[in-house]
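Please look through the model below with the following explanation at hand.

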Amino acid sequence: MSDAAHDVIVIGGGPGGYAAALYGASAGLDVAVVEKAKVGGTCLHVGCIPAKELLEAASVYRTVARAAAFGVSAGEPSLDWPAVLDRKQQVIDKMMSGLSSVLRQRKVTVHPGVGSLGGPGTVRVSSDDGAERTLPSEAVILATGSTPRTIGGFDVDGELVVTSDELFSIGRLPASAAVIGGGAIGCEFASMMGDLGTEVTVLEALPNILTGCDAEVAKAVRRSFRKRGIEVYTGVTVHGHEPRPDRSGTVVSFGEGKHVDVEMVVVAVGRRPRTESLGLDAAGVELDDRGFIAVDGRCRTTAEGVWAVGDVVDSPQLAHTAFAEGMLAVCDILGEDPDPLDHHGTPWCIYCHPEVAFAGHTEQSAIDAGFDVVTSMHRYMANGRAQILGETEGLVKVVAERQADGTGGRILGVHMAGPWVTEQLGQAYLAVNWEATVDDVARLIQPHPTMSELFGETVLSLTGRALHG
Ligand code: NAD
């Protein structure tokens, strides 16, 4: 059976897909989304939202544990894991219902089923009941996201070995866990589980955790993990694991003859694009040499009339990058000649404790790019609001171009670890992306007492004068 043509059909209803749909509909386009599960994608159901919700439970636990220091008696905290999962689900359900209703209001049609490219200008939708439909469309946006990578010898069974897909619904928090991979997902899970009572060991292949972050930031997180009993091994190869006979746990072997006996293994070694069953070959949509859908700066694929956005393309695997790409593709479809995105200035926020947030060059990447740099670093220990909060771990580091007199010129990058830095990144993000100079920012007044004034102080010291440090 054949249907009336849409202006745009988006395959995949995650952040890239629903952003394209909502933005396109608000620009007057007739947009449809094909979704095989629930709208919201990885981010809403097994990614950003549940991860941050569980990290918030960990934060409440830490706060209760130290309440006595504020003169508030709350007793020893104890964990009700099913209640934690219930609250996480309530948040997801509310967000999901909000998203579904805004899609309805914008008159975006959601076609349930698996979408693939049909002949030119068509999308095939296969439903659970075996029915097939062919939907004509002027333009198609592929936004099918990504799925966790796994490693050899660690078959994911949802009990002994899990990925982020399973972890959000495990029946109980394990007493001990090995987290393979010290990237964003690995560090967020390690932090959350460690704070809620799991004995955590992180096993990272590279020389440091949080590759891509400034070295000082990664060091601050690692120091905090160590203080909280989270073991971190870097530069280690993980060889395999040997489950106990009753499968109550498993022994993971790594490095030079090292072992760790744990109840659960969490595999967090990256995510791969979900490109299978999209009918790419027949449609002339090419992949790049890393298996992502090849696109140009405007998210156009190698096939006429087909765009791709979000985790299926090789750009930062972040929901907000997917939003931006979804909107960019719509602008291109509308013929608005949009500028390509500058991924270099992407805001990064990692919600482990202490939180991490950054934008722009690290000190090392600025040097590697040929800049003569000057840096300044201030610690939350010296910040009044952080002292009041009792959250004094972490720092702000600003990387600027060095001027002839040794002071800072253009701000190239800002790197933060510490309390609520994910909410403090905003002004740093603007400074980097508007190519502000140290002088531009140093003359602005920062509210006192706030944690965000540490950014102002750090920039101020690059003028060659300073207040506190
Ligand atoms: P990642 O690429 O950020 O980190 C994976 C880590 O696993 C790397 O440090 C890598 O060196 C390590 N690794 C790979 N193979 C290994 C092995 N065999 N043994 C030990 N270590 C190994 O990937 P991720 O943490 O899984 O996250 C996936 C994507 O999602 C990333 O792009 C990430 O940035 C994004 N994400 C972002 C956030 C956030 O910004 N808050 C949160 C979650 C996920």
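T458 has a relative accessibility of 0% in this predicted model, and because buried means under 20%, T458 counts as buried. The residue sits in helix 14, which covers residues 453–461. Apart from neighbours within four places in sequence, T458 is in contact with S376, M377 and H378, and also with V396, K397 and V398. L341 lies 117 residues away from T458 along the chain, and 28 Å separate the C-alpha atoms of the two.

Five strands form an open sheet with antiparallel pairing, in the order 18-19-22-21-20. Its edges are strand 18, residues 348–350, and strand 20, residues 373–379, each of which pairs on one side only. On average, neighbouring strands in this sheet are turned by 15° against each other, with direction ignored. Strands of a sheet pair through backbone hydrogen bonds, in either a parallel or an antiparallel sense. Within this sheet, strand 19 (residues 355–360) and strand 22 (residues 408–418) are joined by six bridges in the antiparallel sense. One example is F358, whose bridge partner in strand 22 is H415.

How many cavities of 30 Å³ or more does a search of the whole structure find? The search finds one. The largest cavity has a volume of about 40 Å³. Its lining consists of P148, T163, S164, I185, V267, A268, V269, G270 and R271. By residue class, the lining of the largest cavity divides into five nonpolar residues, three polar and one charged.

Note on methods: Residues numbered from 1 in each chain as written. Predicted model: local features only at pLDDT ≥ 70, side-chain atom pairs only at ≥ 80, totals over all residues. Heavy atoms only, no water. Helix = DSSP H or I, 4+ residues; strand = E, 2+ residues; numbered from the N terminus. Buried < 20%, exposed > 50% of the residue type's maximum accessible area, 1.4 Å probe, protein only. Contact = heavy atoms within 4.5 Å. 1 Å grid on protein atoms, 1.4 Å probe; cavity = no way out; pocket = protein on both sides within 12 Å on 5 of 7 lines; lining within 4 Å. Points joined across faces, edges and corners; volume = space filled by probe spheres on them. Nonpolar A, V, L, I, M, F, W, Y, C, P; charged D, E, K, R; others polar. Pairing = 2+ DSSP bridges. Axes fitted to C-alpha atoms, helices over the stretch in contact; angles between N-to-C directions.
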